[in-house]
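Welcome, and please open the model in your viewer. We will go from stop to stop, selecting a few residues at a time.

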Amino acid sequence: MRRWGHKKATGWLSGCLAVGGLTVLLAGTALAAPAGAALAVGTVSASTAWKIQNSPNATAPDANLESVSCSSADACTAVGATDNTKSLTVTLAERWNGTSWHRQGTPQPGRTIPDSRPALSGVSCPTATFCAAVGADNVVLDQFSLADTWNGSAWKQQSFPGPSGSTSASLAQVSCTSASFCEAVGSYQNGQGSTEPIAARWNGSSWRLQRIAGSLDSTSVFLTGVSCVSTTFCMALGVDTFGIGTFAERWNGTSWHVQTLPHGPFLGTVSCASAAFCEVVGDGTRADMWNGSSWSAQTVPTPASSASIDLAGVSCVTAAFCEAAGMYTGSSGGTFSLGVTWNGTSWAVQTTPNPANASVTSLSQVSCATVTACETAGSSQVSSSSGQLALAESWNGTRWTIQDAVSPRGALTNSLNAVSCTSAAFCEAVGSRFGGTSAATVALAETWNGSTWQIQPAPDPVKATNGVRMSLAGVSCASAIFCEAVGVSSSTAGGGAELWNGTTWALQTVPGGSLTSVSCVSATFCMAAGADGHVDIWNGTSWSAQQTSASLRSLSGVSCTSSTSCEAAGEGTDFNAAAEGWNGASWSAQAVPAPPNGSSPELTAISCTGAGSCEAVGSYSSTTSSQAPLAEVWNGTAWAAQSTPVPATAFMSSLAGVWCTAATACTAAGQYTPGIGPSATVAEVWNGTKWSLRNTPNHLYAGQSIFSGVSCGASTACTAVGATTNPGQIPATLVETGD
């Protein structure tokens, strides 16, 4: 458990650097002598409670469109799903009016959050004032059928019957010939765990289940597509995984009848222009055509550079015109949009555009109102780690063009690593966010104006190295118009720094490797600590690097009270906690003892009020815990361990940040892990005699809650920052205030 401490504890924050170097500008007297160093269970103080503040999170467009249906060239509806800003999946519907796409409100299942992940997979609009959409609400391992209808002004959720004895059901596709006739298909699980096909008819007011006929006695059978041209003719497509393979079912107005297919592409879809013409396409180069009495096999060509193809949708206007859409994998491994067209004799590949910089582009369903008006929907991604963006393309009879589909704002991974406050009306908090169209870790900066937190634009190097453009780990403000933030930058593959001038953040060139903490005593002197043990000094114009004591292998925190008095804490060559002092010209090494009956001390943050008074915090291994909170005091001559309490339910605990406004007033913040349950925030206060616990709240839904840094404008006004998880369990910013 050597490295389980604060640095590793924040590893669940994908792509974020979390270190705890904190700074202080105030001078004071020496800290009191240390109390005993025994590990003890503490009681929470009855002082003013800490409160969670509303801190914003960076968001990015996110959406996926699964199906589209057009009743005319200027009336199309696309459906799918998107993740909202709380990372909860919600259904998505968009409407094309001939000029642009607009999002429509859709009803949500309203099941237990965040387990519910609804999505619409099929839509059919026979007129501009009626659509039916189907899908499923995925709740853990179960699925529940979704059916919505559009009346020209609003979507309404419809009750869909569950097959007798079913434990799970989902709908894949729907086809309507009017507002009073639709067919929906999908599958359900029976009480024995087998998957069986499902079909249902809409009569204008309700859905009614139908019997699927044929020798489908396999344990895994489902329907994937359906196309209706009248109330007496529909063609459905299905898969019998362990039986006859891909098959078709034909509706004659009274019952369904199974048909075999010569090719039967797996997970295919079907479109019928009339009772005498249907096309089936799917994965691979196989296709099948219905001529009114029998099926015949066809071959679909592939792009010259493709390794494989998958057609997800097909739409036939006549027996001489069909459009099919999907994707193909190139020889280089990228995924690209694919369109093929049927001219009555053969299939031909078309040129379909792909969004710039996208490494994954796929098209799903396609719908043609005429031979010169088709719409296809899908999604694109910069990389597998970035969010999906909704994609729509239109066919005008000559070529395909990209349209701007709606991608609602979705959650990103956000975290705050450090904070610096100069007054009750000004704080700066910095960290990083990950995801979105950049698919990289980029800087996050937020400011407090006395009433609200707001995200600030923070510049990032254009080029990303190992997925990291900029991650800010430490911040120090000498005033509301001067702050320095430091961390990791891709521009140098090492240290990064940004300067706040009261209006904007600007990138700076900084020598050496990644930086973990910074302390500024004025606009002309700052000291930044390096993860590799070096320091960088700001002189008001530029940064310069300086080596520190050879006895330190890494630094996690630095605190200066003047340009000639700094203390830095980190890790010694023996992998235990160590410190060093700066006198304006050179560094001197300092030993940091482990608490009695303790070992493996680690320091993550330090705060000084004078040359002879500092507090440093972190964690150590005790005889009763693999990780316990550590506090060390510097009296100008030596470091000594102090006794730190732990929450009663703590299994492991650590401190990540500390801030002192006087020798008798320090606040430390971190996290603890109970024996059962998620990690939670912890705050402790030093009153000159002992450390005592404070009550810090945590979101009820959070799977993780941690403090990474703290800053106090006064002994009773502290702000702690870190990260929690939103209802969808995506890392989000956390800010709390208290004494």
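In which strand is the place of Ala662? Select Ala662 and you will land in strand S54, which covers residues 650-662. Keep in mind during the tour that this is a predicted model. Ala662 is partly exposed, as its relative accessible area is 26%.

**Zoom out**

Show the whole chain as a cartoon. Along the principal axes, its C-alpha atoms fill a box of roughly 95 × 50 × 45 Å. Of the 739 residues, 57% are buried. Among contacts with a separation of 6 or more, 53% are between residues 24 or more positions apart.

The protein exposes about 26,600 Å², and 52% of that comes from carbon and sulfur atoms. If you colour by charge, look for 24 positive and 39 negative charges, whose mean positions are 5 Å apart.

**Aromatic rings**

How many aromatic pairs does the structure hold? There are 16 aromatic pairs to look for. Begin by selecting Trp50 and Phe707. Their ring centres are 6.2 Å apart and their planes meet at 40°, so this pair is tilted.

Which parts of the chain does this pair tie together? Trp50 lies in the loop between strand S1 (40-41) and strand S2 (51-53), while Phe707 belongs to strand S58 (residues 705-714), so the pair links parts that are 657 residues apart in sequence.

Are these two residues buried or exposed? Trp50 has a relative accessible area of 3%, so it is buried. Phe707 is buried as well, at 1% relative accessibility.

Move on to Trp500 and Trp505. These two form a tilted aromatic pair, with 5.6 Å from centre to centre and 45° between the planes. Colour them by accessibility: Trp500 is buried, with a relative accessible area of 7%, and Trp505 is buried with 6%.

**Last stop**

Which residues form one aromatic cluster with Phe160? Select Trp202 and Trp207 alongside Phe160, and you have the three members of that cluster on screen.

To finish, show the stops together: Ala662 in strand S54, the tilted pair of Trp50 and Phe707, the tilted pair of Trp500 and Trp505, and the cluster of Phe160, Trp202 and Trp207.

Key: Residues are numbered from 1 along each chain as its sequence is written. This is a predicted model: local features need pLDDT of at least 70, side-chain atom pairs count only at pLDDT 80 or more; totals for chains, interfaces and linings use all residues. Side-chain values use heavy atoms; hydrogens and water are left out. Buried means under 20% relative accessible area, exposed over 50%, partly exposed in between (1.4 Å probe, protein chains only). Contact means heavy atoms within 4.5 Å. Accessible areas come from the Shrake-Rupley method with a 1.4 Å probe; for residues, only the protein chains shown count as cover. Lys and Arg count as positive and Asp and Glu as negative; His and the chain ends are not counted. The place of a charge is taken as NZ of Lys, CZ of Arg, CG of Asp or CD of Glu. Rings of Phe, Tyr and Trp (its six-membered ring) pair if their centres lie within 6.5 Å; planes under 30 degrees apart count as stacked, over 60 as edge-to-face and the rest as tilted. Helices (H or I, at least four residues) and strands (E, at least two) are DSSP runs, numbered from the N terminus.
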